[in-house]
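Subject: Handing over a structure

Dear colleague,

Please find below the structure that I promised to pass on, with its sequence.

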Amino acid sequence: MYGWLAEALEGGAQVVTANRRLATVLAEHYAQLQMSAGKSAWRSPAIRAWPDWLREVGSLAGVSRQLPARLNIHQSRVLWEQCLRQEVSSPLLNIGSVVRQARDAWALLQDYRVPLDDAERLARGRDQGIFARAARRYRAILDRQGWIDDAGLPRLVVDMIRSGDAAIPPRLVLAGFDRQTPAVVLVIDALREQGCQADLLAPHAQATIRSTACFDDPDAEMRAAGAWARHVLSEDPGKKVAIVAMQLEKDAGRAARLVREGLAPGWQQGGRAAQQAVNVSYGQRLANFPAVAAALLVLRWLHEDISSSDLSRLLRSESIGAGEHGARSRMELELRAWPGMQWSPKRALEVLNRDEAIGPNWRRGIEALDRLRHETGENLRPSGWATRFDETLQRVGWPGDSPQDSTEYQLHNRWRELLNELARLDLVIPSMSLREALGRLRILVGETIFQPENRAGLVQLLGPLEAAGMEFDHLWVCGLTNTHWPPPARPAALLSRELQREHSMPDAEPGDTLDYARRVLMRLSSSCSELVCSYALTEGDAEQRPSGLLPAAGPFEDCTVVDPGWYAAEIASSGRPVLTQTDPVPAVAEDESVSGGATTISYQLGDPFAAFAFGRLGIRPIPSIGSGLPPNVRGNIIHRALNALYHDRPSSQEIEGLLSGEFDNKLADIHRYAFAWLESRADPVLRQLLELEKVRLARLLCSVLELDLQRGGFEIGELELPVTLELGRVQLRMRIDRVDRTPGGELSIIDYKTGQRRRFLNADKEPADAQLVAYAMSVTEPVGELAYFNVDSRHVEFNGAGRELSPEIDWDESLGAWRDALRAAMRRFEAGDVRLNGALPAKDSRSFGLLARIRELQHDA
């Protein structure tokens with residue numbers, strides 16, 4: 001494999017590849033050859049990718065020659081933005097997309113040596129005319145400033161070769177070039193003129209085993225390719241195995257998961273080694289990595305307030321701060337108790353970090369961020385902002401204190417390289433504001449594809465172009481349908497078709513696309529000893545046929561590999577015995593604290609496992625972060641307002657007086673008590689919402705007063721009464737919203753409900769839950785009524801049962817039976833009952849169903 005490489009390098013040749021992946025593969029192969037020969041050290045091989053070789057030649061000229069300054073891709077982008085904005089001033093313009101197309105069109109003009117006058121003369125339509133004029137501006141700036149971009153490097157290198165300013169190797173080997181553009185040919189010709197032997201390496205092997213396979217759909221095809229690779233490697237682990245997938249760039253992550261499904265069934269539980277078994281040629285956008293996303297979010301906080309969801313991400317991020325994950329998790333839970341709003345660093349410190357003992361490192365970082373926020377009003381050079389951004393991230397502890405693996409180390413270094421690239425924009429941007437600097441950094445991050453330098457995978461998953469020049473023992477090429485191969489043509493949109501046809505540019509004619517696809521397929525078939533070509537019969541709802549180019553790579557035999565299917569489905573249908581382990585829950589200990597109050601016993605009546613998780617383990621469902629006032633905050637406001645309304649325990653006559661006009665005088669104090677805790681820390685939007693809530697609250701309180709007046713004679717005895725229900729070793733601490741005394745001297749226990757409408761008794765005249773019954777058991781005086789007071793915009797009503805409210809039932813007998821049922825439930829809870837209620841619908845068991853694994857157990861039964 002690569003039999004030509006060692007001879008070429010040892011003969012003094014330089015090897016130039018069409019892409020960096022091939023350059024890395026060749027360098028690794030050469031290193032393996034040296035180690036196999038018993039060497040422990042050797043000279044680094046002269047292997048470079050084409051762009052890197054051009055830059056290297058351009059930077060090694062003699063000191064007597066004045067070279068133009070080279071613009072990198074990001075500096076070039078800024079110039080293109082400036083030139084295009086002079087031609088188009090529309091605020092609706094997606095400048096990023098236009099710049100990418102303009103740079104691609106400009107690179108084609110340079111690669112195919114097309115005069116700009118021709119592009120302007122043959123421009124058709126407004127867009128092509130705009131590009132031609134912007135390109136003329138762009139070239140004028142390069143000429144005036146003495147700059148050169150990457151597209152102009154071949155022309156510079158040719159001039160240096162011909163003038164004798166470039167060091168010319170005795171031999172140059174070019175590998176992996178499916179297309180030789182006129183610019184490449186020009187460089188090769190110039191080298192040959194100076195006596196260099198320049199060779200274009202052509203495929204020389206031929207697959208001795210060729211087979212084809214078809215599958216029901218693309219998922220089955222990719223899984224089968226993984227299973228084939230597993231079979232090959234099980235026979236000889238040293239073989240070079242690769243899978244080439246058409247359209248891999250659309251979703252490389254999904255393709256890799258499907259291949260793993262066949263290569264390493266159950267890879268999800270196999271650890272990092274199983275996950276890295278497939279080496280994918282496509283990286284991910286840098287912005288998709290959590291550490292980078294956290295860094296961008298911190299820097300955005302320098303410029304503007306962030307939402308509750310964004311602050312939640314920062315608190316949960318392992319890339320911010322040094323440890324303190326427990327303290328920050330508690331702060332994040334506190335954040336979820338607040339309405340969704342915009343948070344400044346100062347507001348976050350005031351609201352979420354009132355306890356000085358919690359999260360000192362996080363607090364110091366946010367305090368530093370708050371100070372820096374007030375120091376960033378001036379314009380700076382890009383290098384100044386790069387320094388400021390780096391200092392900011394250091395202050396908040398980015399990238400965290402966890403040990404870094406190789407991928408994380410490379411990721412963080414790539415981020416720092418991006419800051420250096422931001423600093424290099426000094427050449428084209430004299431100064432900019434913080435907002436502009438952040439926007440420019442987001443562009444850099446969004447356009448950067450990151451792929452760790454790790455080729456340790458058992459199988460390589462490549463696109464057809466990334467495999468150029470590579471050699472394999474076994475190769476599977478999938479996706480060879482008439483839809484995907486030849487691929488759809490993509491001619492340059494900003495150059496006229498006439499110009500592209502005249503200069504034979506890629507995809508200018510259907511024949512060119514077809515011929516290029518044929519060459520790539522033949523090159524793949526000549527790069528291995530065994531070749532498998534496959535296609536899917538359907539994709540989505542569309543039927544597929546094999547590519548018309550497939551016969552040219554033949555003749556083929558039938559491949560016997562089959563789709564292994566999903567590993568999880570195989571386990572589920574195999575009837576394998578499920579290993580169960582008895583692990584009884586101990587009874588409640590003497591000094592054990594049980595939390596949750598009446599809710600715990602309510603769970604015990606319907607779902608004992610939920611009662612165990614809620615009351616004994618202290619597990620709580622995590623509330624979501626939403627916009628506006630969440631239900632728990634609105635309920636808290638109403639409870640506080642009702643407590644303030646009845647703070648003086650008014651009689652029926654006094655309630656009538658409130659309705660007659662005294663209520664308006666009392667309303668300001670009620671609002672102050674109910675809203676002050678929120679208003680002092682609210683942002684402007686939340687303050688407006690609270691003003692609307694005050695209007696709604698006033699209507700609700702009036703409705704409550706009217707309903708209480710209709711109830712007849714009663715006295716308000718207690719508000720927010722703390723009580724304890726004790727049975728055996730179980731103690732439940734609770735708080736009763738309100739206790740009234742009826743004319744007969746009995747207690748009326750009331751619980752306010754501010755959300756979904758609640759009924760005390762169900763259709764069978766049994767309590768819907770245990771809350772009110774638990775309250776009745778916790779007091780010593782006779783109870784004559786138990787009721788929910790529903791207080792909501794949709795309904796304000798009194799719903800309960802009692803001696804007078806429910807004449808159809810025997811109140812004393814019913815209350816006694818309800819108490820007995822509750823005592824029995826508490827005894828089961830005390831004994832360690834963790835039964836699962838499989839009859840509960842999913843919506844009712846969702847909170848704890850994941851912990852109980854109730855659905856898995858039902859499937860296994």
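**Backbone details in the loops**

Arg649 lies in the loop between helix H26 (631-645) and helix H27 (652-679), where helices (DSSP runs of H or I, at least four residues) and strands (DSSP runs of E, at least two) are numbered from the N terminus. Please keep in mind that this is a predicted model, in which local features need pLDDT of at least 70 and side-chain atom pairs count only at pLDDT 80 or more, while totals for chains, interfaces and linings use all residues. Residues are numbered from 1 along each chain as its sequence is written, and side-chain values use heavy atoms, with hydrogens and water left out.

Most residues other than glycine have a negative phi, and most peptide bonds are trans. Arg649, however, has a positive phi, near 50°, and with a relative accessibility of 32% it counts as partly exposed; here buried means under 20% relative accessible area, exposed means over 50%, and partly exposed is in between, with a 1.4 Å probe and protein chains only. Lys765, in the loop between E22 and H29, also has a positive phi, in this case near 60°, and Lys765 is partly exposed at 40% relative accessibility.

Two cis peptide bonds can be pointed out as well. One runs from Trp398 to Pro399, with omega near 10°, and Pro399 sits in the loop between helix H18 (382-395) and helix H19 (406-423). Another joins Trp485 to Pro486, with omega about 5°, and Pro486 belongs to the loop between strand E15 (474-478) and helix H21 (497-502).

**The protein as a whole**

The protein has 32 helices and 24 strands. Its radius of gyration is 37 Å, well over the 29 Å that the globule rule gives for 861 residues, so the protein is more spread out than a compact globule; this radius is taken over C-alpha atoms, and the rule is 2.2 Å times the number of residues to the power 0.38. Along the principal axes, the C-alpha atoms fill a box of roughly 115 × 70 × 55 Å.

Of the 861 residues, 49% count as buried. The accessible surface comes to about 41800 Å², and carbon and sulfur atoms account for 49% of this surface; such areas come from the Shrake-Rupley method with a 1.4 Å probe, and for residues only the protein chains shown count as cover. Among the contacts (heavy atoms within 4.5 Å) with a separation of 6 or more, 75% are between residues 24 or more positions apart.

**Aromatic pairs**

A pair of aromatic rings is described by the distance of the centres and the angle of the planes. Rings of Phe, Tyr and Trp (its six-membered ring) pair if their centres lie within 6.5 Å, and planes under 30 degrees apart count as stacked, over 60 as edge-to-face and the rest as tilted. A search of the whole structure finds 19 aromatic pairs.

In one of them, the ring centres of Phe760 and Tyr788 are 6.3 Å apart and the planes stand at 75°, so the pair is edge-to-face. This pair links distant parts of the chain, 28 residues apart, with Phe760 in the loop between strand E22 (747-753) and helix H29 (771-777) and Tyr788 in strand E23 (residues 783-791). Both Phe760 and Tyr788 are buried.

Phe760 also pairs with Trp818, with centres 5.6 Å apart and planes at 85°, so this pair is edge-to-face too. Trp818 lies in helix H30 (residues 811-831) and Phe760 in the loop between E22 and H29, so the pair ties together parts that are 58 residues apart in sequence. Trp818, like Phe760, is buried. Elsewhere, ring pairs link Trp80, Trp106, Phe131 and Tyr138 into a cluster.

Helix H1 (residues 3-10) has Trp4, Leu5, Ala6, Ala8 and Leu9 as its buried residues, and what covers them includes strand E1 (14-17) and helix H2 (20-36). After H1 comes Gly12, whose phi is positive, near 90°.

In helix H8 (residues 153-163) you will find Ile161, which is buried with a relative accessible area of 1%. Leaving aside neighbours within four places in sequence, Ile161 is in contact with Ala166, Ile168, Val187, Ala190, Leu191 and Gln194.
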